[in-house]
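These are my notebook entries on a structure that was new to me, written down in the order in which I looked things up.

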Amino acid sequence: MKDKMGTTGLIFNEPLLWEKGSPGRKGLSLPRRDVDETPLDAALVGDGPDFPDLSELDVVRHFTKLSQWNFGVDSGMYPLGSCTMKYNPKTNERQASIPGFAGAHPLLPESLSQGALELMYDLQGYLGEITGLPAVSVQPAAGSHGELTGMLIFAAYHKNKGKPRTKVLIPDTAHGTNPASAALCGFTSVGVKSGPDGVLLPESVAELMDEDTAGIMITNPNTLGLFEDNIRQVADIVHQKGGLVYGDGANMNAVMGIVNIGDIGVDVLHLNLHKTFSTPHGGGGPGAGPVCVTPELEPFLPVPRVVKDGDIYRLDEDYPLSVGKVHAFYGNFGILLRAYSYILSVGTYFKEVSQYAVLNANYIKERLKGTYHLPYDRPCMHECVFTDKHQQEHHVATLDIAKRLMDHGFHPPTIYFPLVVSGAIMIEPTESESKETLDQFIDAMKQIAQEAVDCPDCLHESPQFPKVRRLDETAAARNPCLKG
Amino acid sequence: MRYLPHTKEDIQEMLQVVGAADLDALFSSIPDECRRKEAMNLPDPITEWELNGHMDCMAASMGAPPFYKVFMGAGSYHHYIPEITRQLLLRSEFFTAYTPYQPEISQGTLQTIYEYQTLVTRLLGMDVANASMYDGASGLAEALLMTIRATRRKKVAVSRVVHPLYRQVVKTYFAPTGFEVVELPVGTDGRTDLSGLADLGELAGVALQSPNFFGCIEDLEAAGKAIHTDKKTLFVVGFSEPLAYGLLKSPGACGADIACGEGQSFGIPQSFGGPGLGMFAAKQKYVRTMPGRLIGKTTDRDGKTGFVLTLATREQHIRREKATSNICSNQGLCATAATMYMAAVGGTGIRELSRLNRDRAEYLKASLAKAGHTSPFSAPTFNEFVVRFPDGFADTWQALLEKKIVAGLHLAPYYPEMSDCWLMCVTETISKNTIDSLVKEVVK
């Protein structure tokens with residue numbers, strides 16, 4: 001295709017909800033009143049919220065128009081590094097909307113919730129098998145919630161040993177949520193610098209690991225898309241001092257069937273079902289962040305646990321060492337259900353999922369490495385990280401490249417992350433993309449690099465095609481306007 | 001496998017470009033000692049049609065509407081969800097997008113969440129609302145941690161009639177922190193007893209829930225005054241049934257500093273307890289100590305109005321361990337559903353719907369009282385209430401279950417001293433006829 005994929009088209013302006021409608025309209029079918037009104041103490045009664053009154057069609061058009069201003073995975077390639085924007089199968093939505101599941105009350109007696117309990121039990125088993133960490137809780141509602149649960153387990157484990165610890169080691173390539181999760185559990189985070197090849201060095205960990213340190217949080221593959229090849233030595237060092245190893249499984253999509261996470265010394269791992277297991281990202285959640293642990297740490301998992309007695313599934317609260325509950329009920333069941341559907345659909349093909357995700361990333365890396373600066377030129381996992389070093393010579397920055405990609409019909413990669421690389425462009429294509437789509441993306445990136453030489457201002461002025469152009473984020477933060 | 005587009009030819013061509021002999025060679029950077037030796041033990045993939053059959057079969061075992069009539073609330077409510085909400089949410093531009101880091105191509109999500117923030121502040125009578133938390137329980141825990149940040153005090157008080165499962169989550173969040181959570185007792189009227197507040201020392205925050213777990217409407221105005229006797233203490237109002245605020249005086253109007261709760265009632269399927277929606281709002285002066293993401297209004301280069309993520313300096317990717325919370329992605333699509341629901345029901349509609357919920361619940365309450373089964377509490381209630389059966393109710397409950405009626409929640413596991421009490425809930429989805437059929441069995 002010679003033309004850019006992005007083009008202009010007719011999209012609509014649309015006011016805010018409360019600038020529309022007229023008092024007395026309704027967009028919802030209200031049940032008939034079949035009982036008398038009952039009085040209520042006037043001191044308790046309010047005026048009711050000032051919501052606009054809209055007709056059903058008003059609401060439909062409003063949100064249809066708004067949706068057209070968005071870009072999703074269904075719109076095109078969304079190579080947002082570290083977020084694993086793979087295809088979200090339509091059938092999963094069908095399964096989540098079956099009335100028996102969608103309408104189920106969480107406090108139904110066990111005899112009336114066997115299907116949901118069986119689903120969670122089997123999902124725990126599959127996630128245990130994929131990670132090699134057999135004890136699983138599906139309760140955490142998001143990746144960061146899984147991290148928090150992991151840190152609660154760290155704290156509970158050391159407390160149970162009789163010696164609470166105060167610090168956690170966190171490499172500079174970690175996700176930003178890692179230090180925040182550790183801090184919520186009262187730990188001080190201690191930074192560990194990665195080595196010149198972008199991976200952790202055992203000696204850096206040995207220097208910092210002591211008997212007041214609860215353990216280490218490692219993202220593997222790390223946020224540079226590299227496999228932490230010293231992981232076993234690092235784990236041994238941490239274990240020798242009585243610490244635990246936390247694995248941030250955000251990047252699990254690279255190593256399914258390739259690495260058994262339990263075997264490489266990781267004690268606790270969280271998974272992001274909205275990344276590796278295809279559940280929709282929803283414009284920012286809901287996700288799910290199950291936690292997988294070694295048999296030794298099983299007693300500390302959140303309650304209730306989903307267990308099986310003979311042919312009956314039930315909820316078990318009887319774990320005195322448990323960290324407790326992290327969610328009002330059992331977690332984001334609707335998301336667990338979608339991940340379960342995905343696992344049954346993919347089945348024995350999970351190794352291929354990882355192989356093709358890694359193949360796609362390496363293909364992009366090889367084909368773009370002459371055009372963009374590659375700070376770590378070694379085989380990558382499921383994502384590759386470039387920088388804007390070559391384009392900076394023409395006063396074109398990562399931000400300009402990202403914005404120009406929109407005009408080409410692509411969602412930009414993750415930018416300026418990881419922090420250890422200046423001007424980072426972090427590309428994660430996922431296994432969902434075909435070779436043709438990757439070739440189109442590569443062509444677009446090359447055209448942009450050429451434009452950086454020929455017409456830097458064309459890039460500074462991009463994007464041209466979306467509904468709005470670059471927005472003033474400084475003004476938004478200086479004088480926050482957070483409601484209308 | 002239909003989700004994988006790679007043909008043999010594609011793979012060969014790509015491997016050649018990469019310079020790897022085969023797919024295994026792509027993983028050469030992984031030391032042999034880290035390689036998985038045995039294959040994963042996973043089932044053979046099933047077809048879309050087999051999956052449909054399997055899932056339908058599993059779901060058939062669930063005691064859910066429309067096959068069952070469920071008189072159970074307790075933090076998860078069966079309300080009608082308009083078809084437009086279900087279908088509009090399936091606009092894949094909404095549900096297959098992620099956090100709007102690139103605002104130029106995310107204005108749909110951004111304007112929707114800005115509208116969500118606005119409608120939530122109007123519902124709760126507060127100044128600012130965030131883009132959502134995981135659920136009502138974690139929202140409450142984060143609110144209490146926020147009161148500690150805001151006041152630099154070390155102790156919070158939580159009413160014993162806040163949802164028991166929310167209190168358990170608060171306990172989990174507080175366990176490793178060294179901060180203290182004390183419990184406020186319940187009065188004989190079913191409302192929180194605040195008479196001992198002055199003896200508790202310096203409190204960072206005091207949390208009540210209204211309607212509370214027993215369905216009782218707290219006297220928030222009086223509570224706010226009592227709590228603010230200590231000017232530094234923050235008044236936190238929780239809720240599990242936001243629909244109540246279509247009728248009741250808002251937390252903000254009663255002096256709340258933070259209002260937070262579960263938003264599932266607004267267009268989100270119960271789905272066995274999640275995903276729900278943690279609604280979270282506060283007074284303006286606390287905006288920078290709030291957890292969670294915020295959307296703000298701004299302009300683009302041509303002066304056109306647009307929306308962006310803002311005040312990110314509170315967040316973990318910038319402040320790392322000094323962030324106000326570790327929460328980043330939240331429940332965006334659930335917040336979107338709630339926005340669509342609030343738009344569809346409207347100001348006039350929410351008032352009517354709220355009243356109908358209360359009036360139908362009152363009808364059941366009065367019918368049971370007529371049969372001699374009264375509530376132990378005198379405080380007014382919204383759409384759920386406690387009823388006492390001194391002679392036991394388990395057999396009748398079981399008999400009703402045979403008729404596919406789930407007649408409320410037994411309170412014994414949550415309040416051991418109330419072993420003869422059940423919590424009953426009636427929403428607009430339960431008609432007078434269905435209520436009558438429950439009552440008929442009870443008076444037998």
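Entry one, the disulfide. In this predicted model I looked up the torsion about the S-S bond of A:Cys455 and A:Cys458, and I noted a value of about 75°, so the disulfide is right-handed. The sulfur atoms of A:Cys455 and A:Cys458 lie 2.0 Å apart, and a pair has to be within 2.5 Å to count as a disulfide. I then looked up the count over all chains, which comes to 1 disulfide.

Entry two, the accessibility of cysteines. I wanted to know whether the two partners are buried or exposed, or something in between. I found A:Cys455 at 24% relative accessibility, so A:Cys455 counts as partly exposed, and A:Cys458 at 26%, which makes A:Cys458 partly exposed as well. I also looked up A:Cys185, which is buried with a relative accessible area of 3%, and B:Cys334, which is buried with a relative accessible area of 6%.

How many residues of H12(A) are buried? I noted 9 of the 10, so H12(A) is largely enclosed by the rest of the structure. Among the buried residues are A:Thr398, A:Asp400, A:Ile401 and A:Lys403. In chain A, the buried residues of H12(A) pack against helices H11 (389–392), H13 (435–454) and H14 (456–460), and also against strands E11 (414–415) and E12 (425–427). After H12(A) comes A:Gly409, for which I wrote down a positive phi, near 90°.

I turned to H6(B), residues 136–151, and H7(B), residues 164–174, whose axes come within 8 Å and cross at roughly 45°. The two helices are therefore oblique to each other, and H6(B) passes H7(B) in a right-handed crossing. From H6(B) the residues in contact include B:Leu140, B:Leu144 and B:Ile148, while those they meet in H7(B) include B:Tyr166, B:Val170 and B:Phe174. I noted that the residues of this contact divide into 11 nonpolar, 2 polar and 1 charged.

Key
Residues numbered from 1 in each chain as written. Chains lettered and ligands numbered in written order. Predicted model: local features only at pLDDT ≥ 70, side-chain atom pairs only at ≥ 80, totals over all residues. Heavy atoms only, no water. Axes fitted to C-alpha atoms, helices over the stretch in contact; angles between N-to-C directions. Helix = DSSP H or I, 4+ residues; strand = E, 2+ residues; numbered from the N terminus. Parallel < 35°, antiparallel > 145°, perpendicular 65-115°, else oblique. Left-handed = near helix turned anticlockwise from the far one by under 90°. Contact = heavy atoms within 4.5 Å. Nonpolar A, V, L, I, M, F, W, Y, C, P; charged D, E, K, R; others polar. Buried < 20%, exposed > 50% of the residue type's maximum accessible area, 1.4 Å probe, protein only.
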